[in-house]
Amino acid sequence: MSPEETKRALIVVRTYPVPSRSGIEVSCTAAITDRGEWLRLFPVPWRLLEKDRRFRKYQWVDVTVTKAKDARPESYKLKPDGIKIISEVGTESFWQARKDIVFPLMAPSLCDLVRRRDAHGYPTLGFFKPKSIDRLTIEADSQMWTANQIDALRQGHLFLEKPEKELEKIPFSFSYEFRCDDVACNGHKMICTDWEIGEAYRKWKADYGGQWEGKFRQRFESEMISKLDTYFFVGTVHRFPGTWIIVGLFYPLRAPENPQQGLF
């Protein structure tokens, strides 16, 4: 078994949870260490954690981890009671403090990430700016969890208490169609599993009923394309190592072309 170690990292990604035999429900989490290296934490039973350990995105945390059996080099197994929240990185000056940490890991394109992973087996996490985002697609998915998934959600856990409310199934899948800044790019359609996109659906479905899609598209399509300076965090799927998905969104406001414009 790999030895335990402590890493300090900035949380940048948390995906919407899925049922899991290993932990009732788990979420894939990505972070950047204080050494500027990618770190994948899985599984993370976020809703089962004690409240003072439920980290948010863009918080620095100390985490106790062991190297996962997962062959992906960035993957580590999190010790649920080995989490200490240190501080938070804010959004001032068009997210500049966050950019200072994230931008050094920026890849030229998804196409570049795919070529490097196919050639060397890594990286399996990445960050890039799409050349253009064409649209957000919303496709119907199963309404209910499968029988095996329900069994996982209702199982007991030796050390953690189950959430008060059972995990809600999102009956849609959300994908972005976009192009890379790469001469060989033929365009991509990629599912997005960001926690925020799932939570937005749940909230706006409750608030607006059958009219939720208009509000949802305004935020995650119109604003992401026209108003915000949008980047994608991406990662490979454990069971399908050649498959990439969008695991997180990075979307500061566009800075004015003339810096003086921001003063008045």
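User: How many aromatic pairs are there?
Analyst: The count comes to 26 aromatic pairs, where rings of Phe, Tyr and Trp (its six-membered ring) pair if their centres lie within 6.5 Å; planes under 30 degrees apart count as stacked, over 60 as edge-to-face and the rest as tilted. This is a predicted model, in which local features need pLDDT of at least 70 and side-chain atom pairs count only at pLDDT 80 or more, while totals for chains, interfaces and linings use all residues. Residues are numbered from 1 along each chain as its sequence is written, and side-chain values use heavy atoms, with hydrogens and water left out.

User: What kind of pair do Trp-38 and Phe-233 make?
Analyst: The pair is edge-to-face, because the ring planes stand at 90°, with the centres 6.3 Å apart. Trp-38 belongs to strand S4 (residues 38–44) and Phe-233 to strand S11, so that the pair links parts of the chain 195 residues apart. Helices (H or I, at least four residues) and strands (E, at least two) are DSSP runs, numbered from the N terminus.

User: Are Trp-38 and Phe-233 buried or exposed?
Analyst: Both Trp-38 and Phe-233 are buried; buried means under 20% relative accessible area, exposed over 50%, and partly exposed in between (1.4 Å probe, protein chains only).

User: And what about Trp-204 and Phe-220?
Analyst: Trp-204 and Phe-220 form a tilted pair, 6.3 Å centre to centre with 55° between the planes. Trp-204 lies in helix H4 (residues 195–208) and Phe-220 in helix H5 (residues 212–227), 16 residues apart. Trp-204 and Phe-220 are buried.

User: Which residues do ring pairs link into a cluster?
Analyst: The cluster includes Trp-38, Tyr-58, Trp-95, Phe-103 and Phe-127. Tyr-231, Phe-233, Phe-250 and Tyr-251 also belong to the cluster.

User: Where does the charged end of Arg-14 sit?
Analyst: The charged end of Arg-14 is over the ring of Trp-46, 3.8 Å from the ring centre. For Lys-67, the charged end sits over the ring of Tyr-76, 5.5 Å from its centre. A charge sits over a ring if NZ of Lys or CZ of Arg is within 6 Å of the ring centre and within 35 degrees of the ring normal.

User: New topic: what is the strand order in the open sheet?
Analyst: The 3 strands run in the order S7-S11-S12, with antiparallel pairing. The edge strands, S7 (125–128) and S12 (244–250), each pair on one side only. Two strands pair if DSSP finds at least two bridges between them. The twist averages 25° from one strand to the next; axes are lines fitted to C-alpha atoms, for helices over the stretch in contact, and angles run from 0 to 180 degrees between N-to-C directions.

User: How many bridges join S7 to S11?
Analyst: There are 4 bridges between S7 and strand S11 (residues 231–236). Phe-128 has Phe-232 as its bridge partner in S11.

User: Which helix packs on the sheet?
Analyst: Helix H1 (residues 92–102) does, touching S7, S11 and S12, and its direction makes about 145° with that of S12. Contact means heavy atoms within 4.5 Å.

User: How many residues of S9 are buried?
Analyst: In strand S9 (residues 172–179), 6 of the 8 residues are buried. S9 is joined to strand S8 (residues 132–140) by 8 antiparallel bridges, and to strand S10 (residues 188–191) by 4 bridges, also antiparallel. Ser-175 in S9 stands opposite Thr-137, and its bridge partner in S10 is Ile-191.
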